[in-house]
Amino acid sequence: DGGHTWKGEVSPPQWKLHVTHNGKEYVRGVSEGAIVRAANGDLVAALRTDMHPRYFNQPAVDHYEGTGVSISKDNGMSWSPINILNDAGRLHANLLRLPNNDLLMTLVVRIDTHNGQLASYRRGCEAIISHDHGVTWDLDRKYILDEWQFFDHSNPHIGPCGHLYSILVDDGHLLTTHNNYLTKSISLIRWKP
């Protein structure tokens with residue numbers, strides 16, 4: 001009825017992550033997400049994942065949360081297990097289906113990690129693409145949309161950037177906007193993959 005009433009809430013059990021770290025099992029979940037319908041009809045969800053236990057010794061900041069993907073082949077009644085793309089530092093995913101039917105995910109980079117370690121002091125905004133309806137994502141070919149180096153000696157875990165949104169405009173370009181807590185401003189990026 002156009003979104004006026006809702007029923008049949010689903011809490012997918014696949015969105016509970018069972019993670020073993022140092023011999024102990026933890027149950028982790030997901031939060032903020034984006035959903036897009038892929039060209040094959042599947043629903044693809046990009047979800048913010050709870051902090052992995054390997055980061056529990058870090059300050060209690062949400063920058064150490066990550067991003068995972070889950071797919072529904074039955075209009076959201078059931079979902080695949082979460083495919084973790086980034087276990088920390090890349091979040092606030094936005095999803096778009098491009099005219100060629102690839103899927104585009106834009107993310108903010110609050111902490112640049114690789115294999116559980118700090119990789120750089122790079123912060124900003126980037127994008128990745130899936131050529132197979134969200135099953136896999138080309139993590140080796142990231143589009144760096146905005147970046148800067150940031151390190152605060154008093155708080156090295158702070159990641160000064162926030163939410164984002166991307167849209168496709170009529171001329172085939174994308175517009176991506178995100179906020180930069182460092183400059184207290186909004187960035188608007190016009191680009192093409």
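Buried means under 20% relative accessible area, exposed over 50%, and partly exposed in between, with a 1.4 Å probe and protein chains only. Helices (H or I, at least four residues) and strands (E, at least two) are DSSP runs, numbered from the N terminus. The model is predicted: local features need pLDDT of at least 70, side-chain atom pairs count only at pLDDT 80 or more, and totals for chains, interfaces and linings use all residues. Residues are numbered from 1 along each chain as its sequence is written, and side-chain values use heavy atoms, with hydrogens and water left out.

**Stop 1: strand E8**

Select residues 103-109. Seven of the seven residues of this strand, E8, are buried, so E8 is largely enclosed by the rest of the structure. Show the side chains: Leu 103, Met 105, Leu 107 and Val 109 point one way, while Leu 104, Thr 106 and Val 108 point the other way. Residues of both sets are buried.

**Stop 2: the partners of E8**

Two strands pair if DSSP finds at least two bridges between them. Which residue of E8 is the bridge partner of Leu 91? The partner is Val 108. E7 and E8 form a hairpin with five residues between the strands, and Asn 101 there takes a positive phi near 75°.

E11 pairs with E8 in the antiparallel sense over seven bridges. Center on Thr 106 to find Ala 127 of E11 opposite.

**Stop 3: the hairpin of E13 and E14**

Select residues 164-168 (E13) and 174-180 (E14), which pair in the antiparallel sense over five bridges. Ile 167 has Leu 175 in E14 as its bridge partner. Five residues lie between the two strands, and in the turn Gly 172 has a positive phi of about 90°.

**Stop 4: the whole chain**

Zoom out and color by secondary structure: the chain has 15 strands and zero helices. Its C-alpha atoms fill a box of roughly 50 × 50 × 35 Å along the principal axes. Of the 193 residues, 48% count as buried. Taking contact as heavy atoms within 4.5 Å, 47% of the contacts between residues at least 6 apart in sequence join residues at least 24 apart.
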